[in-house]
Amino acid sequence: MEHGSMLQDALIYLAAAVIGVPLAKRLGLGSVLGYLLAGILIGPYLLGLVGEQKDVMHFAEFGVVLMLFLVGLELKPALLWQLKGPILGTGGLQLLLTTGLLTLFGRLCTLPWQESIAIGLILALSSTAIVLQSLQERRQMQSESGRSAFAVLLLQDIAVIPILALLPLLALQPAELAANTGLSGWQQGVVVAAAISGIVLGGHYVMRPIFRAIAQAHMREIFVAAALLLVVGIAVLMESVGLSPALGSFLAGVVLADSEYRHELEADIEPFKGLLLGLFFMSVGAGINFHLFADHPLLIPALVIGLMLTKWGVLMGLGKLLRMSPSQNWTFALALAQGGEFAFVLFSFAGQTGVLSDATTALLTLVVTLSMALTPLLLIANDRLIQPRYDYRPQNVTDEVPPEPVANPVLIAGFGRFGQIVGRLLHGHGIGTTILEQDPSQIEMLRKFGYQVFYGDASRLDLLHAAGAHQARLLVLAVNDPATAVSIIETVRKHFPHLKILARAQDRPHAHEILRHGVDRVFRETLGSAVDLGVEALTQLGFRANQAWRAGQTFKRHDNRLLHEQTQYLDDEHTYINKSLQYRDILADLLQDDEEEQARIRTHAWDSENPQDHKEAT
């Protein structure tokens, strides 16, 4: 019965998402608000199609963990180090000022100082999930407001660790705390340091060989399973030592940002992240307790408005301090003016440790939920009402600047015996190349030689985008497998029609298949070397070197014309064979005519150089 209930709940959640989100997008409300509204509708306080949200929320919060892992993959350690100023400066000031004001407000409401500090710290946090998703949909992550918002969110995620450590101290004596956790303060610090060091060192020295070994199995589902295992394992590790799973996954992403498997990890985890984040937003909407709202019809709206105004005021002040433009400052302040998803965990923890009462926890959880639900509406109002006042063109009408632009003009798909020769020739002329390779053993070698290499199947659209196919001018298709080559051609011709394709073919049938798919620049890997050998054979048999070379060039031109013409008759064996016989005779005539023409040229040249000898001879 329970199993059936789980399937029924899954059906309801999926149906609500499929119906609600496209409808919200069509109305210009965005996907986040669509998920929230769908959750409100099916929740226990309206239609009652789904029940208690605690178990679902615990599962859905893994979507936030996956999201931060993907964010980490976009940030190389060097780039993260460059952001240390905004993270510590802007993020630190926001946390301190907001916590101070909210703590002061709690004291004015006659709350004990322990409760006031706990509430201030928890409510100072903003929603990483809603803010990043909303800014990404608007393509504002690379704007001034987007970068500043990311710095603040990152500092808040880091701050979850000391907040978790501080909350028990507000309720228990240190001796009682040690008895409950089994660890003293310095021991807990050692465990935390060991966990973080394990993630950094393991990601750098252990995970790459593991992913390489898995990739050699050429089973994508196992690679997907390994990626999920990595994130789940880190989340479990961080939870076991009392740290934020989301922060641990972010750190692992940063460590793997330089890995050749980065884009494959992104592509494999992205679908799971999208589904679980959607489930998270729906759970937030379904968790809005309208009965509690009805019991406090004035207090709860006042607390929501007070919280969002306080955070908005602090953020506007920080924006002016950072000399943001007014339009960017409004986006920055409104995006972060809500409570965050970590508040659900922290409020629950504060209740368990006796810092906050159950009634206070329930009330503030509802306040945070409503503030999160209002954020997409505030950002829509910002786009439509506030930004036009500054004669400001919204960021979502421009393309987002990629975090790691790839400007190489040539992509080489497949870097085996054939692709290497092409790459070395181009490299020798100073032409930048980006390599797409699926053989893990090749990748390590290529990185040692300084090539820019992307691991994965070059027929995948996301990998081509990441490698810069939209900016490149030429694709050298040098993969071994004919089926993969055809798949790459179809993807490139559909999504990157500007990209010229030079294709390698293993043999004549492979060349015919490539020509049938619209690529007319085909190079058979054995033709050039076989003709070169034939030219040398003619030379050894007494032909002059230039005569043998011309014969080789004539043969290649003739055979390529035959290849293109035969492609039209692949389904007609009789005509195909007749064409081959016809062209064989034509080739013999061409070579004979060329030899006679060269003989006439040589005679004419001799006569021109020795006119007296010619006269005496005649």
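1. The largest nonpolar core holds 114 residues, and Phe 211 and Phe 281 have the most contacts inside it. Such a core is a set of buried Ala, Val, Leu, Ile, Met, Phe, Trp, Tyr and Cys residues joined through side-chain atoms within 4.5 Å; buried means under 20% relative accessible area, exposed over 50%, partly exposed in between (1.4 Å probe, protein chains only).

2. The model is predicted: local features need pLDDT of at least 70 and side-chain atom pairs pLDDT 80 or more, while totals for chains, interfaces and linings use all residues. Residues are numbered from 1 along each chain as its sequence is written, and side-chain values use heavy atoms, without hydrogens and water.

3. Not counting residues up to four places away in sequence, Phe 211 touches Phe 223, Ala 226, Ala 227, Leu 230, Leu 256, Tyr 261 and Leu 265 (contact: heavy atoms within 4.5 Å). A second, separate core has 28 residues, including Ala 503, Ala 505 and Leu 563.

4. Six strands form an open sheet with parallel pairing, in the order β3-β2-β1-β4-β5-β6. Its edge strands, β3 (452-455) and β6 (522-524), each pair on one side only. Strands are DSSP E runs of at least two residues, helices H or I runs of at least four, numbered from the N terminus; pairing requires at least two DSSP bridges.

5. Strand β2 (residues 433-437) runs parallel to β3 and is joined to it by four bridges. Glu 437 stands opposite Tyr 455 in β3.

6. Arg 524 lies in strand β6. Arg 524 counts as buried because its relative accessible area is 10%. Among its contacts beyond four places in sequence are Ala 505, Asp 507, Asp 559 and Leu 563.
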